[in-house]
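Please look over the sequence and the model first, then read the notes below.

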Amino acid sequence: MQKSIERIAGDSDGVSYEFPVLRFAGSDKAAPSAYLQAALHAGELPGVVAIDALMPALNKAQAEGRVKGNITIVPWANPIGRAQYHFGEHQGRFHLGTRTNFNRGFPLLAAPDAKLLPDTTFGGADQRLKSRLVQLSLGHDIVLDLHCDDEGLAYLYIHTSLWPAMADCAAAMGVDAVVLWGEDTDGTFEGASIMPYQNVPAEVVKFDRRVATTVEYRGILDVDGALAKADAEGLYRLLVGRGVISDNALTAPGPFKGVVAPLENIDMMPAPRAGAVLYDVKPGDRVVRGDRLATIVHAPGETDGRAEVFAPQDGIILTRRSRRIIRVGEDLLKLVGDSKSADARSGTLED
């Protein structure tokens, strides 16, 4: 394994940011290659510890000559967000200087060519970081962006062009659900990993081995050794299944049996009042239309001081917010409905 340090110039003299890049050289130039990154939202750590737990298996595979394809790993993808604290609270989701989500504003290239990346000389540090992450990931057959939600199941966002071809990946990783999406106008990292290949001739790109996904590893507090080990085993199974690593001792997983639904089926369930949240459901629960999902206590002890929220359709609870204080209009949870949401939000991932 080779380690290098990437440096991103800051927005003022004397300020710069660094992040490590770990590389494994494959022995077969024809084998698929893989790129993994974690903590693009810098406070989301399940992917970081999953990569840590994966490293012994990768080191062992390389020592035994079983790494067939090149592997590039960025375990801390966002040094800018990692350094952001406000009154002692970590702020790793949005760039405090621009108010931009760190998983927005990535360059959507017309082809997988680094020469098409925009000139960021006069851009901000976050733009330089995003451009460099795209550059590092270009050319890899497998691109995994490891995130997590507030509280939730393990699930994947997958572009419709890659489904059901990626069903084996979902099965290998052991996730509970897959959310399918089809358009990216906001420039997510996943979109930046897919769009350059959409109009490339088949003889140039081997579409049968393309993998690109945003991985949601449950909730932000799900950072422990047992889960990290299980997630690492899932990543390893994916790499073996797709031919990046050779391991004859590993058995292939069965078919994916989790929930699969388009993004349009998700109801986000905004809060009708501000107050304290009392949930009636948790991630993984099956609900039917009319079930009470939560109660907002907005005027404690007063008559009519509670507002109830009910399921608009049948479905599965995918996630819920981790904090129990909420403002009017903030989302309470993600309900993956059996049908299209009556209030479906257009666009790409809300992550």
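The structure is a predicted model, in which local features need pLDDT of at least 70 and side-chain atom pairs count only at pLDDT 80 or more, while totals for chains, interfaces and linings use all residues. Residues are numbered from 1 along each chain as its sequence is written, and side-chain values use heavy atoms, with hydrogens and water left out.

**Domains**

- Domain 1 covers residues 2-257 and domain 2 covers residues 264-337; such bounds come from an automatic or database domain assignment.
- The centres of domain 1 and domain 2, taken over C-alpha atoms, are 31 Å apart.

**Overall fold and shape**

- The chain contains 6 helices and 20 strands; helices (H or I, at least four residues) and strands (E, at least two) are DSSP runs, numbered from the N terminus.
- With a radius of gyration of 21 Å, close to the 20 Å of the globule rule for 351 residues, the chain is as compact as a globular protein of that length. The radius is taken over C-alpha atoms, and the rule is 2.2 Å times the number of residues to the power 0.38.
- The C-alpha trace spans about 70 × 55 × 40 Å along its principal axes.
- Of the contacts between residues at least 6 apart in sequence, 72% join residues at least 24 apart.

**Surface and charge**

- Buried residues make up 52% of the 351 in the chain. Buried means under 20% relative accessible area, exposed means over 50%, and partly exposed is in between, with a 1.4 Å probe and protein chains only.
- The accessible surface is about 16,100 Å², and 50% of it belongs to carbon and sulfur atoms. These areas come from the Shrake-Rupley method with a 1.4 Å probe, and for residues only the protein chains shown count as cover.
- There are 37 positive and 46 negative side chains, and the centres of the two sets lie 3 Å apart. Lys and Arg count as positive and Asp and Glu as negative, while His and the chain ends are not counted. Each charge is placed at NZ of Lys, CZ of Arg, CG of Asp or CD of Glu.

**Backbone exceptions**

- Most residues other than glycine have a negative phi, and most peptide bonds are trans.
- W163 and P164 are joined by a cis peptide bond, with omega about 10°. P164 sits in the loop that runs between β9 (154-159) and α4 (167-173).
- R99 is not a glycine, yet its phi is positive, at about 65°. R99 belongs to the loop between β6 (89-90) and α3 (125-137), and its relative accessible area of 75% makes it exposed.
- R218 also has a positive phi, about 60°, without being a glycine. R218 is part of strand β11 (residues 211-219) and counts as buried, at 14% relative accessibility.

- A170 is in helix α4 and is buried, with 0% relative accessibility. Leaving aside neighbours within four places in sequence, A170 contacts L156, W163, V175, V178 and F256. A170 and T213 are 43 residues apart along the chain, and their C-alpha atoms are separated by 9.9 Å.
- M195 is located in the loop between α5 (189-194) and β11. Apart from neighbours within four places in sequence, M195 is in contact with L108, L109, H159, W181 and D184. From M195 to G315 there are 120 residues in sequence and 31 Å in space, C-alpha to C-alpha.
- R324 lies in the loop between β18 (315-320) and β19 (325-326) and is partly exposed, at a relative accessible area of 31%. Not counting residues up to four places away in sequence, R324 touches E151, G275, A276, V277 and Y279. One of these, Y279, is 45 residues from R324 in sequence and 9.0 Å away in space, C-alpha to C-alpha.

Definitions and conventions:
Contact means heavy atoms within 4.5 Å.
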